[in-house]
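Hi there,

Here is the structure I promised to pass on.

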Amino acid sequence: MSVSAIIAAAGSGERFGAGYPKALIQLGDRTLLQHAINALAPVVDQIIIAAPTGFEQQISELVGDGITVVSGGATRSASVRNALAHVASDFVLVHDAARALATTDLAERIIATLRSGSSAVVPGLLEVDTVKSIDDKGRVAATLDRSTLRRIQTPQGFSTQVLRDAHASGAEATDDAALIELLGGTVIVIDGEDRALKITTPADLDSALSFLGFNRSFRTGVGTDAHAFGEGRTLWLAGLHWPDDVGVEGHSDGDVAAHAICDALFAATGLGDLGSNFGTNRPEYADASGSMLLQETLALVTDAGYAISNVTVQIIGNKPKIGSRRAEAIEALSKALGGAPVSVSATTTDGMGLTGEGKGIAAVASALVYKR
Ligand code: CTP
Ligand code: MG
């Protein structure tokens, strides 16, 4: 049984006040409309967008081939009706572009409920406020029983024929389920999602951004390390063994890249430094591998409530040449950090100071973390 999706995107966004249609507002790296499309595309066979009059061409170009764009109407119900005429499937989801962050999982659960025999399914959230109805003088007429109330969202799912019948009268409502209710049809409510909020005002855009992780409070730190070459030592660097190169002196395996990253993470999280956490007074860390220290650091950082956004490390030395093993180094370091994004670069210092004299290897790292 195939499924189509209608995305109602023809509103002007008066309350948002952007001066252009709300569906085209940017949320993170894409527009509200593109977020809505991305959520539904994996689970539907056809997508039809009701676009604001005059914006059909712009929206067609934005969404690309394979998506039908029709002109919307003066009301949401009229916009849905225009799109419904193009639906070619047994089931149809009707979604608001304004609910940009509803997930694919929600759409899947709506479709699963349709497949199990329901002809109208909507997502709803529990009401947390006390809700009262009022009369035309602003006096309370009744206090409603909150436990029976649900805040209804989209995507809403229907048997296409049932939705066509409901729209045949040309009636108006703020959602599609209401038209089914008018005909006495049964509408099932399943659990909605907080992140499927309807973006109506600029304040809602802030809430949406927080669902995308944009209002995280970040902290940054730097770390450096340097070790002198030591004859007879095995070289470990950036989590890798370098069998053809001379190793460095050190309490542990002397992996300056790993150590600099540990220090950057400790600095970013205010947890001290390599010495205070794994220093010579902690004999259990003598000869510890760089990878092990990274894993231990990750555990401490995680315990303190932080997650890693990314780390970078630059290795400074004449030898070894990093370039050909960069991908391996990134993989090893990232693995030790639970999959965090890592970048590795390398440089020499033109024969001067630091490691330019060829006496050893140094590394400088930066870390960006955020409070979970
Ligand atoms: N919608 C539509 N056609 C209309 C009016 C609304 O397709 N004539 C769509 C909107 O694009 C939105 C959804 O219906 O995705 C819910 O409407 P709403 O949040 O009210 O959006 P707008 O009507 O654009 O906003 P406003 O009411 O503030 O102007
Ligand atoms: Mg509106």
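To start with the ligand, a residue counts as near a molecule if one of its heavy atoms lies within 4 Å of it. On that basis 18 residues surround ligand 1, and the closest are A8, E14, R15, K22 and S79.

Before more detail, two sentences on conventions. This is a predicted model, in which local features need pLDDT of at least 70 and side-chain atom pairs count only at pLDDT 80 or more, while totals for chains, interfaces and linings use all residues. Residues are numbered from 1 along each chain as its sequence is written, chains are lettered from A and ligands numbered from 1 in the order in which they are written, and side-chain values use heavy atoms, with hydrogens and water left out.

Back to ligand 1, whose polar contacts are pairs of N or O atoms within 3.5 Å. An oxygen atom of ligand 1 sits 2.9 Å from a polar backbone atom of G11, and one is 3.4 Å from a polar backbone atom of A9. For A98, a backbone N or O atom lies 3.3 Å from an oxygen atom of ligand 1. Ligand 1 exposes 560 Å² when taken alone, and the protein buries 87% of that (Shrake-Rupley areas, 1.4 Å probe).

Now the overall layout. The protein is divided into domain 1 (3-211) and domain 2 (218-371), with bounds from an automatic or database domain assignment. Their C-alpha centres lie 50 Å apart.

There is also an open sheet of 5 strands, with mixed pairing and the order β14-β13-β17-β15-β16. Strands (E, at least two residues) and helices (H or I, at least four) are DSSP runs numbered from the N terminus, and two strands pair if DSSP finds at least two bridges between them. β14 (240-248) and β16 (342-347) are at the edges with a single partner strand each, so one side of each has no neighbour in the sheet. From one strand to the next the twist averages 35° (axes are lines fitted to C-alpha atoms, for helices over the stretch in contact; angles run from 0 to 180 degrees between N-to-C directions).

β13 (residues 218-237) pairs with β14 in the antiparallel sense over 5 bridges, and T234 stands opposite V246 in β14. Helix α8 (residues 256-269) packs on the sheet, touching β13, β15 (306-316) and β17 (360-371), where contact means heavy atoms within 4.5 Å. The direction of α8 makes about 155° with that of β13.

Best wishes

How values were computed
A polar contact is a pair of N or O atoms within 3.5 Å; within protein, one must be able to donate a hydrogen and the other to accept it, and residues adjacent in sequence count only if both atoms are side-chain atoms.
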